[in-house]
Amino acid sequence: MALKISVIGTGYLGATHAACMSSLGLEVVGVDLDPAKIALLQAGKVPFYEPGLEELLQEQIGSGRLTFSTDFSAISGADIHFICVGTPQAENSLAADMSYVDSAVEKIAKIIKPGSLVVGKSTVPVGSAERLRARLLELNPAVDLAWNPEFLREGFAVADTLHPTRLVVGVATPEAEALLRQVYATNLAEQTPWVVADLPTAELVKVAANSFLATKISFINAMAEICEAAGGDVTVLAKAIGYDPRIGSRFLQAGIGFGGGCLPKDIRAFMARSAELGADQALEFLREIDSINMRARSRVIELVRSELGADLRDKKVAVLGAAFKPESDDVRDSPALDISVQILAAGSDVVVYDPKAMANAASRFPALKFAQSIEECVANADIVLHLTEWQEFRTIDPTQLRTLVRSPLLIDGRNALDRELWQSAGWRVLALGRADTNPRES
Ligand code: UDX
């Protein structure tokens, strides 16, 4: 008989996990407190943009294995319960807000059947799993709790869930591992590395991985600052160091830095937790990683001022990109939006265009203006800022675009456009970490 699982919390992580587990042949019920979200999912619609997910969702609903409900009692027949609720940054500290995870455990403890396993997937401060396991067993001694961190990237969520780079399971009992092996039998048959850990190590793997990635990005952005000061080119530097297999070329794209729902809040929560553990010195460097990251945003604004003058009032600034990265409509802690809002606050007329993220951006920052196309966005602009490297922006014809702007001035905040192409079309192009190679005015 097919294994039955439940997924608690149907946001980015949960909705993807539910559809993917169903496609692996499991029977899945997804539950969430938000009736609007559940109604959309029941109708086969994904409440956010994630390539390939909607098709998979519809296919799996059609198979009869995947259902959604706001009624938590729907999970009672499942063998395994994946907790996929959010752990955002708390309102008034760097720590993660654990209230959603805590209340999920409280809510399901007495509904679930004996012998079933609760599996946390949310990113949590180390020590949470042991605490939650103790609480769960207090409420229901016939069940168990394990931790199975998720490493999916937005934009690649389906592929990352179906073919993960590794599966990490934090377990307290061999029975828990055996159940998780059944869930991931397809992946195990494909030789996906299977890492068994204790509960704290499993929790730490996730934040350690994200801290490493954040460090890599801030490292190259620090090199960008040095390149600017020394007249070097960070894109060439990144390419050259990336050939060393010990370093590797991924995550060395210098620019306005990392954002999104994970990296920024995960490194902050990690620092906060290390302080609680009395080990704050060990993660002191993450404070610097965060500062380098935030500085990249202000450096773009300084570059705008150096071109347009200190007074940005009444300047028309066109911004290409609002999402925190391409192939996503997620604007949580988006560097592109942060920069847009700061320039707006300086008095400029800021118009933003993004292929997918404008609705989310508008609901967060209604004071920004949005255009329906690249052309409308850049019309009469004094400067164009390229802040999220969507494919659509790489295929812009700079000669044609030049006819629309007031001044052909581009800042490539992601070092992703073809600088020579734009320059040969008559644009003045500036980028973080690259010396000014624009033809001198005579
Ligand atoms: C990240 C982790 O990659 C993933 O494993 C984890 O599960 C969740 O957090 P995600 O938030 O989807 O995934 O984005 P990611 O692709 O890691 O990019 C994060 C940010 O870093 C983006 O804002 C991106 O623009 C930026 N970035 C990435 C750079 O600035 N330079 C790079 O070279 C790479």
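A crossing is left-handed if the near helix is turned anticlockwise from the far one by less than a right angle, and right-handed if clockwise. Keep that rule at hand for the first and third stops.

This is a predicted model, where local features need pLDDT of at least 70, side-chain atom pairs count only at pLDDT 80 or more, and totals for chains, interfaces and linings use all residues. Residues are numbered from 1 along each chain as its sequence is written, and side-chain values use heavy atoms, with hydrogens and water left out.

**Stop 1: helices 4 and 5**

Select residues 99-108, helix 4, and residues 128-139, helix 5. Helices (H or I, at least four residues) and strands (E, at least two) are DSSP runs, numbered from the N terminus. The axes of these two helices come within 10 Å and cross at roughly 20°. Axes are lines fitted to C-alpha atoms, for helices over the stretch in contact, and angles run from 0 to 180 degrees between N-to-C directions. The crossing angle makes helix 4 roughly parallel to helix 5. (Angles under 35 degrees count as roughly parallel, over 145 as roughly antiparallel, 65 to 115 as roughly perpendicular and the rest as oblique.) Helix 4 passes helix 5 in a right-handed crossing.

Now show the side chains. On helix 4, pick V101, D102, V105 and E106; on helix 5, pick R131, L132, R135, L136 and L139. These residues make the contact, meaning heavy atoms within 4.5 Å. By class, 5 are nonpolar, none is polar and 4 are charged. (Ala, Val, Leu, Ile, Met, Phe, Trp, Tyr, Cys and Pro count as nonpolar, Asp, Glu, Lys and Arg as charged, and the others, Gly among them, as polar.)

**Stop 2: aromatic pairs**

Rings of Phe, Tyr and Trp (its six-membered ring) pair if their centres lie within 6.5 Å; planes under 30 degrees apart count as stacked, over 60 as edge-to-face and the rest as tilted. How many aromatic pairs does this rule give? The count is 4.

Select Y12 and F48. Their ring centres are 4.3 Å apart and their planes stand at 40°, so the pair is tilted. Y12 lies in helix 1 (residues 12-23), and F48 in the loop between helix 2 (35-42) and helix 3 (53-63), so the pair ties together parts 36 residues apart in sequence. Are they buried or exposed? Y12 is buried, at 19% relative accessible area. F48 is buried too, at 11%. (Buried means under 20%, exposed over 50%, partly exposed in between, with a 1.4 Å probe and protein chains only.)

Jump to W422 and W427. This pair is edge-to-face, 4.9 Å centre to centre, with 70° between the planes. W422 and W427 are both buried.

**Stop 3: helices 9 and 11**

Select residues 199-230, helix 9, and residues 263-276, helix 11. They pack at an angle of about 115°, with their axes 9 Å apart. The crossing is left-handed. Among the contact residues are L204, V207 and I217 of helix 9 and L263, I267 and F270 of helix 11. By class, this contact has 8 nonpolar, 2 polar and 2 charged residues.

**Stop 4: single residues**

Find E288 in helix 12 (residues 284-308). E288 is partly exposed, at 43%.

Next, Q191. It sits in the loop between helix 8 (185-189) and strand 8 (194-197). Q191 is exposed, at 66% relative accessibility.

Last, E327. Look in the loop between strand 9 (316-320) and helix 13 (335-345). Phi of E327 is near 65°, which is positive in a residue other than glycine. E327 is partly exposed, at 29%.
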